[in-house]
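Take your time with the picture below, then try the exercises before you look at each solution.

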2 protein chains.
Amino acid sequence: MNGTASRADERLVHVPLGERAYDILIGPGMIARAGGEITARLKGRRAAIVTDEHVEPLYLAQLMDSLQTDGIEAVSLTLPAGEKTKSMDGLAAVTDMMLAARIERGDAVIALGGGVIGDLAGFAAGIVRRGVRFIQIPTTLLAQVDSSVGGKTGINTRHGKNLLGVFHQPDLVLADTAALDSLSPREFRAGYAEVVKYGLIDKPTFFHWLEKNWTKVLEGGPERIEAIAISCQAKADVVVEDERETGRRALLNLGHTFGHALEAATDFDSSRLVHGEGVAIGMVLAHRFSARLNLASPDDAQRVAAHLSAVGLPTKIADIEGSLPPTQMLMDAIAQDKKVKSGKLTFILTRGIGQSFVADDVPASEVLRFLEEMR
Amino acid sequence: MNGTASRADERLVHVPLGERAYDILIGPGMIARAGGEITARLKGRRAAIVTDEHVEPLYLAQLMDSLQTDGIEAVSLTLPAGEKTKSMDGLAAVTDMMLAARIERGDAVIALGGGVIGDLAGFAAGIVRRGVRFIQIPTTLLAQVDSSVGGKTGINTRHGKNLLGVFHQPDLVLADTAALDSLSPREFRAGYAEVVKYGLIDKPTFFHWLEKNWTKVLEGGPERIEAIAISCQAKADVVVEDERETGRRALLNLGHTFGHALEAATDFDSSRLVHGEGVAIGMVLAHRFSARLNLASPDDAQRVAAHLSAVGLPTKIADIEGSLPPTQMLMDAIAQDKKVKSGKLTFILTRGIGQSFVADDVPASEVLRFLEEMR
């Protein structure tokens, strides 16, 4: 296909980042076409695939076949599924595999999986030989609409999430929408939270469309592909404006500061809370906090909560099962979060649906009091 | 002083890399002035100093005093001296220290030491929060004329040297030439090999100047500062032309492919061979190999060997004490070196003194035969 999305059920989003420009191909059957799409774009003929134990049995053989057909020699590494794989040990394992396979600068690392695999493999691609090529094949909705696009990579440390990483743009993103059929409803909904986020940042019309069409997006079909393409385009637009997050890109963190703190509070235990669920609660909290600061109407927060709740997502702290640490510990997690400048807290707040903005001087005392009320 | 080298015994080299531009200040007393030079350039008021057990007792207190005087809150981490510190464990230790100290994007990591500390601290600065500010205070001649300039950072792995790293330019380099007085003659000579390298790459006049003035460079005084400034300017010129080593920058590897292989062959044991000594032997080998390929006159190789030998540097493989592994193992180290493209060996060869060039299709069989002759 050579980089063109020529079928009616396919979409192509181009990310125009100069010499780091790349395509996102969205549609069913992309994994089976990976070899051709990669050889059309890269000179190297070796690849190191990183995947996890859940995704491997579903798609690895298909991907290896496609690569082999197009003359790419590939090795693979299967890691445990879950957030804890995004660690210094995981990074050492991936980079060691790449070096043993003699992956050179023109060769590729392929991330086959969700956001954890993409973030980890992308970080490894960014540091082996100070940077090799990188292909994202996201198999979750969350990864397709968010983490696979934009070049942020990273791992977690005992101090917090994503505190180590690099900016390393992919050379190609293949979003195989057929792969989403294997997701559990819970996983799909978690990704859907990030789709909603794009509406809430600056696309009120898209949010309205989602309120009407969400059941079709969940069921599959053209509305799903449309929602993914709009989301990828929205993310690409922000990334092109501010690749290294010195300003506007921070808007993509809507719901994430609260969300990350809640993930930390549940020790990144995905049986209790997955990232998208943290973001769902975080977005509602961001809207409620904005209302509390008299920036937005409480009705907007209610409307966001109503939509996420209808979809089946958690919308308040009490929706998280099990006990949580004291509020002050949530605050510590927020302060350690990387969106901090000279001690002041940076938050994404809103003036209403689709009217988010970056506030970089939110007093910690206000946040603490608000969180105590919300528990 | 606010970034100006106003005294007669100081030099300023500017590296014009657009938004990544920075100054190199060269002269005595720079450590004592660090606080003022840093606050003149950076907004952040926190710093994490990385040093080693040899440098700490000599300069850490002086640096901390200077930072404190100018209102910078600093923490420090002292690591074992030597190449083995450039490891995944070393990286984890530095990044953990930085995160514990809540170093933010506008704050700085300060590398106080030689190339090992600079490469390691720079890598950490490049990945914590996807990049924080970075100050180089090189205390060895090698680091002042080579590793502290240009943004290459990295660590070693069991597969070879510097195979993991990022490009992360410093925001300021303070080359305190008084610090060089504490170097052993062996350490100073090792750094001198890199000074000679700039002459051999493309500055025959500088090489001639060194042949005449090398005793004064070793003794100290204005010739030493001059040699360092010319070297920094030479490196800056190459880096500005090719920041990410896609072409011309590879010239800086003159002598390094052979040199790295010899370092690997001695298991990076600095009692047997330090980096600059490997480069000295490597440069002579590169000239001899070029003569062997009928590219240059054997007289040039002899002249390079004569100068390095006069200075007290090793110039042939037999100068390394102890036994070395079979030649095939040297070849394996060369093949794993990152200057490899699609299986062909890339070497820096020369047509004579100051006439180096990048050759990217050197047959491995020729290299193997040559190395066997040279043992």
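Buried residues (under 20% relative accessible area, with exposed meaning over 50% and partly exposed in between, for a 1.4 Å probe and protein chains only) make up 61% of the 375 residues in chain A. This is a predicted model, in which local features need pLDDT of at least 70, side-chain atom pairs count only at pLDDT 80 or more, and totals for chains, interfaces and linings use all residues. Residues are numbered from 1 along each chain as its sequence is written, chains are lettered from A and ligands numbered from 1 in the order in which they are written, and side-chain values use heavy atoms, leaving out hydrogens and water.

**Exercise 1.** Work out how the radius of gyration of chain A agrees with that of a compact globule.

*Solution.* Start with the rule: 2.2 Å times the number of residues to the power 0.38, with the radius taken over C-alpha atoms.

**Exercise 2.** Describe helix H10 of chain A, its span and its surroundings.

*Solution.* Helices are DSSP runs of H or I with at least four residues, strands are runs of E with at least two, and both are numbered from the N terminus. H10 covers residues 275-292, which is 18 residues. Next, look at burial: 16 of the 18 residues are buried, so H10(A) is largely enclosed by the rest of the structure.

**Exercise 3.** Find where B:Asp267 and B:Asn294 lie, and say how exposed they are.

*Solution.* Most residues other than glycine have a negative phi. B:Asp267 has a positive phi of about 55° although it is not a glycine, and B:Asn294 has one of about 60°. B:Asp267 sits in the loop between helices H9 (256-265) and H10 (275-292) of chain B. With 49% relative accessibility, B:Asp267 is partly exposed. B:Asn294 belongs to the loop between H10 and H11 (298-311) of chain B, and at 71% this residue counts as exposed.

**Exercise 4.** Is B:Asn162 buried or exposed, and which side chain does its own side chain contact?

*Solution.* First locate B:Asn162: strand E8 (residues 160-164) of chain B. Its relative accessible area is 9%, so B:Asn162 is buried. Finally, its side chain makes a polar contact of 2.7 Å with that of B:Lys86. Such a contact is a pair of N or O atoms within 3.5 Å; within protein, one must be able to donate a hydrogen and the other to accept it, and residues adjacent in sequence count only if both atoms are side-chain atoms.

Methods:
The expected span of a helix is 1.5 Å times one less than its number of residues.
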